[in-house]
Amino acid sequence: MGFNRRKLEDQRREAAEREAARHRATDAQMLDDAEQLIAAWNERQAKRMPMLFSPTIGAAITAGYWFLWVRCPACRTINAIDLRTLDRHHDAAVTSLIPALSCRSCRPNAPFAELVRLSRTSIADEMREEHRWRVLGE
Ligand SMILES: [Zn+2]
């Protein structure tokens with residue numbers, strides 16, 4: 001009885017370990033896919049190519065691209081939205097946010113915001129980085 005139970009526990013533990021290993025492999029693959037997808041999307045956005053697909057909010061957050069940069073076509077202001085702070089379904093595409101992102105200063109006649117890119121940094125981070133490079137360059 002004691003032996004059988006130990007054997008059963010060993011089997012359970014091994015099964016749990018296999019399952020955990022499988023999850024880790026899936027997570028790594030998903031992260032890889034998400035990064036490639038976002039890189040391709042960013043490139044298309046930079047070239048202003050027509051929208052063929054859009055990463056999901058969940059994919060962007062998983063890959064660490066927490067900030068969605070949006071530009072107002074009217075006043076050219078760029079803002080970064082922190083996707084982690086949004087109360088949205090993670091399977092929704094980042095493009096589904098467009099109607100909610102219209103520029104505050106151009107209201108009530110603000111045009112739809114343009115999605116610039118998904119970024120690992122906010123605008124403030126980027127400006128600090130630029131400043132650092134300028135200082136280093138001098
Ligand atoms: Zn504006």
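Is Cys-75 buried, partly exposed or exposed? In this predicted model, Cys-75 has a relative accessibility of 34% and therefore counts as partly exposed, since buried would require a value under 20% and exposed a value over 50%. Cys-106, at 19% relative accessibility, counts as buried.

Both cysteines belong to a zinc site. The zinc ion has four protein donors, the SG atoms of Cys-72, Cys-75, Cys-103 and Cys-106, at 2.3 to 2.4 Å from the ion. The angles that the 4 donor atoms subtend around the zinc ion run from 104 to 112°, so the arrangement is tetrahedral. Along the sequence, the spacing of the donor residues is C-x2-C-x27-C-x2-C. Cys-75 sits in the loop between β1 (67-71) and β2 (78-82), while Cys-106 sits in the loop between β2 and β3 (114-119); the pair therefore ties together parts that lie 31 residues apart in sequence.

The strands named here make up a sheet. Strands of a sheet pair through backbone hydrogen bonds, in either a parallel or an antiparallel way. In this structure 3 strands form an open sheet with the order β2-β1-β3, and the pairing is antiparallel. β2 and β3 are at the edges and have a single partner strand each, so one side of each has no neighbour in the sheet. On average, neighbouring strands of this sheet are turned by 25° against each other, direction ignored. The antiparallel pairing of β1 with β2 runs over 5 bridges. Phe-67 has Asp-82 in β2 as its bridge partner.

The largest pocket has a volume of about 250 Å³. It is lined by 14 residues, and the closest to its centre are Asn-79, Leu-101, Ser-102, Cys-103 and Arg-104. β1 and β2 are the elements that give two or more residues to this lining. Cys-103 is also one of the zinc donors.

Some details of the backbone remain. Most residues other than glycine have a negative phi, and most peptide bonds are trans. The peptide bond joining Arg-107 and Pro-108 is cis, with omega about 5°. Pro-108 is in the loop between β2 and β3, the loop that also holds Cys-106. Arg-76 is not a glycine, yet its phi is positive, near 70°; Arg-76 lies in the loop between β1 and β2. Arg-48, also not a glycine, has a positive phi of about 55°. Arg-48 is in the loop between α1 (2-46) and α2 (57-62), and because its relative accessibility is 54%, Arg-48 counts as exposed.

Definitions and conventions. Residues numbered from 1 in each chain as written. Predicted model: local features only at pLDDT ≥ 70, side-chain atom pairs only at ≥ 80, totals over all residues. Heavy atoms only, no water. Donors = N, O, S within 2.8 Å, 3.2 Å for Na, K, Ca; no water. Tetrahedral: all angles 85-135°; square planar, octahedral: opposite > 155°, others 65-115°. Helix = DSSP H or I, 4+ residues; strand = E, 2+ residues; numbered from the N terminus. Buried < 20%, exposed > 50% of the residue type's maximum accessible area, 1.4 Å probe, protein only. Pairing = 2+ DSSP bridges. Axes fitted to C-alpha atoms, helices over the stretch in contact; angles between N-to-C directions. 1 Å grid on protein atoms, 1.4 Å probe; cavity = no way out; pocket = protein on both sides within 12 Å on 5 of 7 lines; lining within 4 Å. Points joined across faces, edges and corners; volume = space filled by probe spheres on them.
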